[in-house]
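Please examine the following protein model with care.

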Amino acid sequence: MTYGSGDAASPRLAQALAAGPVVLDGGLSNQLESAGHDLGDELWSARLLAERPEAVTEAHLAYVEAGADVVITASYQATFEGLARRGFGREEAAALIASGVGLAREAVGRARAKGVTRPLWVAASAGPYGAMLADGSEYRGRYGLTVDELERFHRPRLEVLAAARPDVLALETVPDTDEARALLRAVRGLGVPAWLSYTADGLRTRAGQPLQEAFALAADADEVIAVGVNCCAPGDVEAAVATAARVTGKPVVAYPNSGEVWDARSRSWTGRSTLTPAQVDRWRTRGARLIGGCCRVGPATIKEIARVLAAE
């Protein structure tokens with residue numbers, strides 16, 4: 001298997017994970033919102049791929065400067081179907097989906113120009129089918145589609161992302177095992193490694209399957225270099241990490257939300273962050289090697305995570 005071309009200064013991500021912990025970025029959407037961009041849209045941050053690409057690059061750069069070694073592209077909600085609803089033709093949509101990798105690479109280049117010398121990688125985000133629906137169903141799964149239908153949905157976008165030559169594909173926020181099976185089929189033969197990350201509730205997927213069974217699906221998948229969880233509560237991570245490491249023997253990826261809670265009625269976040277440095281240290285002890293944050297986790301928190309992971 002060949003892998004993405006990557007940053008010339010960086011080893012393969014799989015090699016880096018075998019050597020020790022690697023810092024992921026935080027929530028791209030909240031960094032963009034904090035810079036004044038309105039993401040109240042079905043395309044979410046993917047809308048800015050077309051309208052404000054420079055803003056996406058700046059958001060990536062903010063995370064690299066905070067200590068992130070891996071930046072995740074703005075393609076989570078960028079799909080052929082979603083872009084078609086906005087009038088983009090097939091070729092235009094493909095170009096926009098792929099452009100996220102180029103914008104992340106541009107941020108890496110700017111970081112290099114500013115003197116950042118540590119290894120850096122680009123992860124191309126592929127969100128679940130429910131993200132395209134933009135109705136919250138990525139947190140429920142069970143869309144009423146077969147595994148074959150889900151594979152047919154995911155494969156064209158993954159082909160476009162792989163052709164853009166990221167270092168890794170981020171198969172993220174996966175709510176159930178049917179979609180995981182489809183994604184694992186869809187990445188075969190693309191020539192780019194992937195990580196598979198579920199959104200979990202305790203020790204179950206959002207659709208209710210045991211995480212032990214969910215992680216086991218990826219145990220023998222050569223394309224998958226890490227498994228784990230994202231977009232979940234920080235308190236759910238430690239047990240999930242331990243389960244993933246035990247079941248698969250692979251490095252574990254962990255990037256939860258801040259711990260704040262989304263209020264759908266007021267369309268705002270409530271509560272406070274519960275993500276702490278002590279938790280991050282425990283995740284590393286349990287087997288997490290790729291660690292960062294998701295919703296409501298910004299550069300300041302990533303800087304703290306980087307500090308913790310550097311203190312081995």
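**Core and cysteines**

Q: Which residues have the most contacts inside the largest nonpolar core?
A: A nonpolar core is a set of buried Ala, Val, Leu, Ile, Met, Phe, Trp, Tyr and Cys residues joined through side-chain atoms within 4.5 Å; buried means under 20% relative accessible area, exposed over 50%, partly exposed in between (1.4 Å probe, protein chains only). The largest such core has 77 residues, and those with the most contacts inside it are Leu158, Leu169 and Leu171.

This is a predicted model, in which local features need pLDDT of at least 70, side-chain atom pairs count only at pLDDT 80 or more, and totals for chains, interfaces and linings use all residues. Residues are numbered from 1 along each chain as its sequence is written, and side-chain values use heavy atoms, with hydrogens and water left out.

Q: How many disulfides does the structure hold?
A: A disulfide is a pair of cysteine sulfur atoms within 2.5 Å. For cysteine 232, the nearest cysteine sulfur, that of cysteine 231, is 7.7 Å away. For cysteine 295, the nearest is also that of cysteine 231, at 4.0 Å. The number of disulfides in the structure is zero.

Q: Is cysteine 295 buried or exposed?
A: The relative accessibility of cysteine 295 is 12%. Because of this value, cysteine 295 counts as buried.

Q: Why does serine 258 count as buried?
A: Serine 258 lies in the loop between β9 (252-255) and β10 (261-263), where strands are DSSP runs (E, at least two residues) numbered from the N terminus. Serine 258 counts as buried because its relative accessibility is 2%.

Note on methods: Helices (H or I, at least four residues) and strands (E, at least two) are DSSP runs, numbered from the N terminus.
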